[in-house]
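These are my notes from a look through one model.

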Amino acid sequence: MTTLNEYSLQTRLDRRKGTMSEVDRAQYEKEQTECITKAIKNEESAAKEKHVRRAIIGTWQERGNSMFWLILGKQPLPSQPILCWKSMLVLHKILREGHPNVLRDSYQYKKTLRDLLSVYKFQGGAYGTLVCEYLKILLTKLDIHHKYPGIPGALTSSSETTMKIPDSDVNDVFTFAVECLDYQDLLLTFEENILKTLDKSRNNSQTASSQCKIAILVPILKECSGIYDILVLVVGKLHKSVPHDTLEGHRGRFNVQHKRMKTFCTCAGGMTYITNLIEIPVIPENPPNFLNNKYQPKQELKTVKEEPKPAPLLPHVDERDLLIDQLMKEIDELRKQLELAETQFNDMENNLRMQIHKLQEELRKIQMLAKQITEENSFLKDQLDNNNKGDSELQEKAKSADEKFNKLKDLYGKLRNDHIDLLRKNAEFKNKVEAHEKSKKELDESINLLKTQLSTKDNEIQRLSSNLDDLEKMNQKLMIDFGNSDEAYKNQLNNQLDQIAELKKALTISESLAENLQKDLLNIHSESKKQVVLLVNQISDISSAKSNEEAARKILEMQSQTLIKELTDKNKVCNEALDHLENEKLNLNNEKEKLESSIKRLKEKYALENDTLNKQLQMLQQNLQNLITEKQQLEANLLQNKAFYDQNEIDREKKHEDDLFKSKLELLASTAKECEEIIQETLNIFNDLRHENGTTCSSEYLKLRLEGLNEKILNTNESYSSFYDNHQDVIPLVNHINSTCHRISDAMINGKATSHMGEAEDSQNIVAACKNIGYKTLNYLTSFKLNQVPDLVKIEGSHVQQAILSLQKNNRGYYFKATI
């Protein structure tokens, strides 16, 4: 199953493969794998600069460091401290000198670095603590560059990158200065801890093991120098904008760091390995005096009266946009919940590791207890051998001692078998932990799958959102185009209508003119008729004149023809004007029909496009609803998986506590049983006739052996009460029981030996008192085996104390008689 990190890594690699051919890509991957593997080789020696340089050049060829993380993910970093140490060195140099994209790529793998940090928190050794500190530095560096992307990896400006320090807001500059001071403290503390681990009795920079640690000081020194220059610039700016009293803490921390930096550069200058690689920065003798920068408070700006601006038009808010925004917020919240669950799971994993470590400590204590019991058994054997040296029957008593030693040896064998059983239970517990880790891994995979699905849904939602935006833009464009075209057509139509109105007006004027012309023509025709009538009358009048008849007739004919021609021409002009006006009217009607047809087609087109957009909108809304349903299903699956995991955690914790408590009870019962056998063996000595007169002991020595027994019983009672209450401290209780029983057995044997020195009556009293101690002790040990309440155990312990007091009284009486 492909995890989210592997998926994103493969995506970036595929995206960058386009810059080189397949052959070149294969050759590049082979070279990078070879140089990175050689640079982080698991040997206690410094990484070779040529291999590190090739890895850095590879980031510029790839425009990132995804290949580096892909190779690093195949290395056993959690179990190999030196391998992890050298890998972090190569990563640090890549972050400083590699392509600018390596900061963004490496930030995606912060979880990997945090996991390594949680592993090395519990590891010691020569490199465990140093690796933990180095990981904290790299995580801090990634956070700073992520929060302030204007800061390059090398912390200095170059031809490729320009440093952009936040300076727009004084609060941002103040916060940035504090973060730089914290980061500088981490760096300087780290280099001081490295120097403490070096052997000062010889030249450190010439041995391979020392160079493995000193090599880290090269990028650390560069990092400290860059942060120092940034702090000089930033703190100086703050003193110009903030009152000097407020920055007293900044100045104090910087002055302390200045001295530490000076010491660091001096120490590095004495190491040949470092001076051969880089030039040691020159730090001035005294820190800069920031108080010379005068505080310049901001002047109040003069208010300028401005003319009121028109209120901007509010954009149209669509319900789809609100729904998409709401869905995106829900997805962000779900992503935060996933990150929170992941953090909680990491915390639980760390708790499990601590519990395993604690169980290992308990096993180690049990082993030490077994060793202590063996030593005490050896001491008892030696003591019995010394007591039996004075007897005439040395062989028989030696044989008895050997038998007792063999029995004690058998007891130790049983204890050893119990220890083996505990080791076996520990192995079973480790298997359970591995099974739990396997289930955790499966849960991680399911969570990663859910993340992938959520990412896919996010991309689909973004694509749908983009489609909605495109459709909105298209719709707006169509509306604008339609509005523009409609407006143009309306303007054209209005112009045409204006022309039609003007033509109609002209037509009306022409018709009126034509009517006037017709009226004039009629008037002229009437006048002509009158003139003709008048001429005819004149002709008739003149016809009487015979002499001028022919001339008058010709004149009249000529005038008549001229008038007829004029009337005909005027009538023709009027007819042509009427025809022209009719044609113009017809043309205007045709244009009007065409405009009305175009407007109708545009309306139909807009209605069709509007229907299409509505259908697409409905489809997008349906897809959005489907995405919401799938999101709800994913949330339900996530909650179900989390509930299942929580229940498993509760069951596992309960079972672990029950098993651990059961093991502790078994250890307590086994210890009590072994102590019973020791006491019983001691009681058997009192019934052994071979031990009647073989050994002797003075009453003074018996008194000495009886001292402190009551305190041991009280301590045992208190230890049992503590164990009964919290079920935790079983090892101290076992130690007290063992120690107390061995002391009681020793006191009984010495009491038996003391009885051989006195009269019969006194001897019988001392033997009876010793036996009573043994029987009371057996009852006392039985209460431990039965796990009785502390009050009953204290009662049984008090019986043992009373028996011991009885023996002390008898011993004092015997001592008094012997003195007399």
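How do the axes of helix α8 and helix α9 cross? I worked on a predicted model, where local features need pLDDT of at least 70, side-chain atom pairs count only at pLDDT 80 or more, and totals for chains, interfaces and linings use all residues. Residues are numbered from 1 along each chain as its sequence is written, and side-chain values use heavy atoms, with hydrogens and water left out.

I found that the axes of α8 (residues 125-147) and α9 (residues 170-196) come within 10 Å and cross at roughly 160°. The two helices are therefore roughly antiparallel (an angle over 145 degrees). Axes here are lines fitted to C-alpha atoms over the stretch in contact, with angles from 0 to 180 degrees between N-to-C directions. Helices are DSSP runs (H or I, at least four residues), numbered from the N terminus.

Next I looked up salt bridges (a side-chain nitrogen of Lys or Arg within 4 Å of a carboxyl oxygen of Asp or Glu). The whole structure has 22.

I noted E97 with R53, whose closest N and O atoms are 2.9 Å apart. E97 lies in α5 (residues 81-97) and R53 in α3 (residues 49-62), so this pair ties together parts 44 residues apart in sequence.

I then noted E649 with R652, at 3.8 Å between the closest N and O atoms. Both lie in α16 (residues 549-686), 3 residues apart, about one helical turn. Both E649 and R652 are buried (under 20% relative accessible area, 1.4 Å probe, protein chains only).

Last, I recorded a network of salt bridges linking D182, D185, E192, R253 and R260.

Conventions:
Angles under 35 degrees count as roughly parallel, over 145 as roughly antiparallel, 65 to 115 as roughly perpendicular and the rest as oblique. Buried means under 20% relative accessible area, exposed over 50%, partly exposed in between (1.4 Å probe, protein chains only).
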